[in-house]
Amino acid sequence: MTGYVFKRIFQSILSIFIVSALTIFLVYSCIPRQLVFKGDQLLQKLANQPDEYQDYKYRTWEKLGYIDYVSQKEYAQATYGQDSPKVSEALLEGSDFYGKFRSDFQAKGYKVEIQPVTGFLYASKDIPLFSRVLKWYANLIQVDGPNKVHDPDNPNMKRGYYITRDWSGVPALACSGSLYKYQIWFDGKFPFIHSHILTWNMGVSYPSYDGIPVLDVIAGGQGRSVRREITTKVGGEETTFYTSVDEHSLKYKPVLDRMDTNKYDDHYADGNNIYEDPSMLGISFRIGMMSLLISLSIGLTVGIVAAMKKDRTFDKITMGYTVIISSLPSLLYIALFARFGMKALGLPDKFPFLGSGNMASYVLPTLSLALGGIASEALWIRRYMVDQMNADYVKFARSKGLSQSEVFFKHIMRNALIPVVHSIPEAVIGTLSGALITESFYAVPGMGKMFPSSISDYNNAMIIALTFIFTAISVFAVFLGDILVTFVDPRISLQAKKEAR
Amino acid sequence: MTEEKKPILTVRDLVVKFRVRNKELTAIRSVSLNLYEGETLAIVGESGSGKSVLTKTFTGMLENNGRIAAGSIEFEGRELTGIKTDKEWEGIRGSQIATVFQDPMTSLNPLKKIGFQITEILEKHQKMAFAQAKPVAIELMTRVGIKDAERRFNDYPFQYSGGMRQRIVIAIALACKPKILICDEPTTALDVTIQAQILDLIRALQKDYGFTTIYITHDLGVVANVADRVAVMYAGQILEYGTVREIFYDPRHPYTWALISSLPTLAKKGEPLYAIPGTPPTLFNEIKGDAFAPRNRYALNIDFEEEPPFFQISPTHFAKTWLLDEKAPKADPPVAVKIMLEKGKIHQGATEVAK
Ligand SMILES: Nc1ncnc2c1ncn2[C@@H]1O[C@H](COP(=O)(O)OP(=O)(O)O)[C@@H](O)[C@H]1O
Ligand SMILES: [Mg+2]
C-alpha cells in the first residue's frame, strides 16, 4: 500500500513537471517576445528616446529570461572597475574599446549592435529554450538560511538562528543572515504553522503587477491595507506605532531609513502589507470548494432519488435539467441565472459590489459554478444506479427477501458510488475550468479571472505559475481519487497491495 | 406412490405475458404443475422455453413488464397470484422459497464481505443480532464445504473461485431454511468437475434439510443424476412429465425424443451430435395446434390444426401429443430412443431380479 502511494506521488509530481515544462516551452516559443511590452506604459513614454527605448526593452527581456544583454558601459565597468576613469574613456569616440567589445562578444556568439543616437555598442544573445526551462525549475524552490544574505556594507552581521516572539507575543524561530527574519512561526491561519526555510518562487510578474513575485500576486492579500497599533520593544524600550506590515514577511533590507530604525532593531525591515481582502487563491478556493461540495451533495442526492423514482415526475424533471444544462452554452445559463438571482433574490451580480467581506457576494458565483456540476453528478449517479439495478447480485439480493430500500442502500449505492469516486478528479477539474468563466463573468478577483487576463496581458510568468498551480490541483485530485477508490473498492486495494510487493 | 404425497405448490392454467414495445408476448401458455413435498422436480427445455419465467412467478420476481394473465399458484394453501406488494413477497422470498441463479460470479455483491451477505438475511428473516447470526453463518459456510470458514467469513467475493461462490450462494439460499429451493441452471456457468460437486452438495443438503427442489436445466444429461420427476417444457408449455425413469426410458413426446437424441452420451464416435432442426416459434403470435409441430418429423395433420390434450401413460406419466391417440398411426422413434428403451427393459429386469 505505501509502495503504491509513493509510486503514485512520484507519478503525480512527474506529470506536473511535464505539463509545466510544456507550458514554459509553448509560452516562450509561441508568443512573440515583442508582445510582452503590450501593457507597459513606461516603454511608451520612451518612444522618442531611441537609445533608452532599446536599452529598456533589452533589459526587460533579460529580466524575463529571454536573452543575455550587455551594454558597452557595463562591459567597461566590468573590465576596469566600477568607478575607474577608464570607463568614460572607453566610451569616447575612436577608443580601442569599441573593437575589443565587438571582437570579445562576437567570439562568444553574441550579436553586437549599435545604439542609434550615441553610437555605443551593445551585445545580446538568446538564452536557449531548454536552459530557460531548467532555470525556471532551478529557481522554483528557494532555500533560506543564515548564510543567505551577503551585504558588503554590513560585513559583520551575526549569523544564526534564535528564538524570539513576534508582535503578537507568540514564540517563533527567527534567523539572522537569512533573507527572511522569521523562519518558523505560528498563527491562526491554515495550516497554522508556517515556514520560510523553503519557499516557492515562480518569477516576477510583468507587465501587470510589475515587479511583484507572481506568487505574492496570487497568494497575497488584495484591496486596502490594514493598519493596526503595535506595541513592541525597540532598542530595549517599549514602543508603540501604527503599521500595516505583516511582521512574518520581513526581509533583509540593505539600506535602512529613519522610519525603519524607529520600528526595527535589525536589518529586517522590508515586509509585505496586510490587506483587507483575501488573496486570489483564497477567494477562488472558497468559491471552488463550496461549489464542489454543493455539486456533489445536491447532484448525488438528486440523482439517487431520480434513480429510485425512475420514469416518474421527479426523475423526468431531473433529466430535463441535465439535458438543458449540458446542451446550453455555460455562459448563457450563467447569464440567465445571474439575472434571476439579481431580480428575484436581490443578490449582487458582480462580486465587487459588496466585496469579499460580504457573504452575499459569493452566492451567485458559487451556485453558477455548481449548476454544471450538479447536472453531471446527477446524470452519472442515476445512470450507474439504474445500471446496477439490473445486475444479477441485485436480483439475488431481492430473491433473498430484502426490501427495495435495503437493496438500494445496502447493495446498489456503494457499487454505483465507485465510478462517482473515480470521477471526483473530473469534478475538480471541471470546477477549475468553470471558474475561468464564472470568475470573469462576476468579476471575482480570483485565479480564474487572473488566468485569461494574464494571457491577454502576455504576463508569461503568471501564465506559467497559474498553469503550474492548476495542473498541480488537477493531478492532486486524480491522486486523491485513486486513493479514495481503494477505500470504497476492496478489489482495487488488494491489487494495489500486490503491485507494491 | 407420488399420489400419496402432499403437493406443496400447485400451479393451475398459468399464463404469463410480457409487454414489449406495445406488443405482447405470451411466455407461459397455460401451465399446470404439482410440486410434491421433499421431491426434486427437474424442468428441462431449450433456452427461451420459459423455465425461468415460470419459476419467477413463484417468488414474484417477474420484471415490471410482465404479468400473470390467468391461472393460479397455490403455495401451502396460500394463493400467490393475489400478492400485489413487494412487502408481502418479502415474507416468502428467501424464507419460504429461495432461488439460486445461474451465474455465481455475478450473484454476489462484489463490495460486501461474504459474511455480511449471509448474516444479512438471518438478521432480516430470523430477527437475529449480528453476534448470533455470525456463528450460524460460519456453520452454514462449513456445511456447504468452505474450508477455514471462520477466516474466510471476512473475505470478499473476488477472493473466492466460481465454485466456492456458488457454494456461498447456496448457503445464502438455505440460510433461512426455505421450504422450496429453486435452482435456475446453477451449474451452467461452472466447469464439469465443479458442476458434479455442486450437484452432490445440493443433494446432500436436501437430505439434511428436507427442502423441495425445482431444478432448472437445458441439459437433460444433468437431470438423470438429480431429479425424481421431470417436466419437459417447450415454447411456454409443459409437453411431457413423469418420473425420471419414465422420461428417460419411456419417452413419448417427439420433442422429448429429440432431446434424448441430442444427448452427447448416446452419440456414436465420429457422427455429428444430433441437433433439433428449426427454431422455436415466436411467442408474439397465437400458436395453433402443437407448438412443436413445424419442427417435428412425426407430426400428423391434426398437430397443425388442434392442440393435443394430455394423454395419461401411467399414474405419474403424461404427454401432450396426438401420437398417443388411439387413431394415430404407430410412430417409429429415433435410434437413440430405442437404445434407451432397451436399456430401460434391462434395468427393469435387473430391479425385478434384485427384488
Ligand atoms: N422481461 C421480459 N420481457 C420480455 N420477454 C421476456 C422477459 N423475460 C423473459 N422473456 C421471454 O420469455 C421467454 C422465456 O424466457 P425464459 O423463461 O428466460 O427462458 P428459459 O427457459 O431459457 O429460462 C423468452 O422468449 C424470453 O425472451
Ligand atoms: Mg433461464
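Contact here means heavy atoms within 4.5 Å. This is a predicted model, in which local features need pLDDT of at least 70 and side-chain atom pairs count only at pLDDT 80 or more, while totals for chains, interfaces and linings use all residues. Residues are numbered from 1 along each chain as its sequence is written, chains are lettered from A in the order in which they are written, and side-chain values use heavy atoms, with hydrogens and water left out.

**Interface of chain B and chain A**

- On the chain B side 26 residues are in contact with 22 residues of chain A.
- The two chains bury about 2300 Å² between them, and carbon and sulfur atoms give 60% of that area; buried area is the accessible area (1.4 Å probe) that two parts lose on being put together, summed over both.
- Leu111(B), Glu120(B) and Phe158(B) supply 26% of the area that chain B buries against chain A, more than any other three residues.
- Three salt bridges cross the interface, a salt bridge being a side-chain nitrogen of Lys or Arg within 4 Å of a carboxyl oxygen of Asp or Glu.
- Glu406(A) forms a salt bridge with Lys124(B), with the closest N and O atoms 2.8 Å apart.
- Helix 4 of chain B gives the most to the side that touches chain A, with six residues; helices (H or I, at least four residues) and strands (E, at least two) are DSSP runs, numbered from the N terminus.

**Helix 17 and helix 18 of chain A**

- Helix 17 (residues 447–456) and helix 18 (residues 460–488) of chain A pack at an angle of about 140 degrees, their axes 9 Å apart; axes are lines fitted to C-alpha atoms over the stretch in contact, and angles run from 0 to 180 degrees between N-to-C directions.
- From helix 17 of chain A, Met447(A), Met450(A), Phe451(A), Ser454(A) and Ile455(A) meet residues of helix 18 of chain A, including Met462(A), Leu466(A) and Phe470(A).

**Backbone features**

- The peptide bond from Phe190(A) to Pro191(A) is cis, with omega near 0 degrees, and Pro191(A) lies in the loop between strand 7 and strand 8 of chain A.
- Tyr206(A) and Pro207(A) are also joined by a cis peptide bond.
- Asp13(B), in strand 1 of chain B, has a positive phi of about 50 degrees although it is not a glycine.
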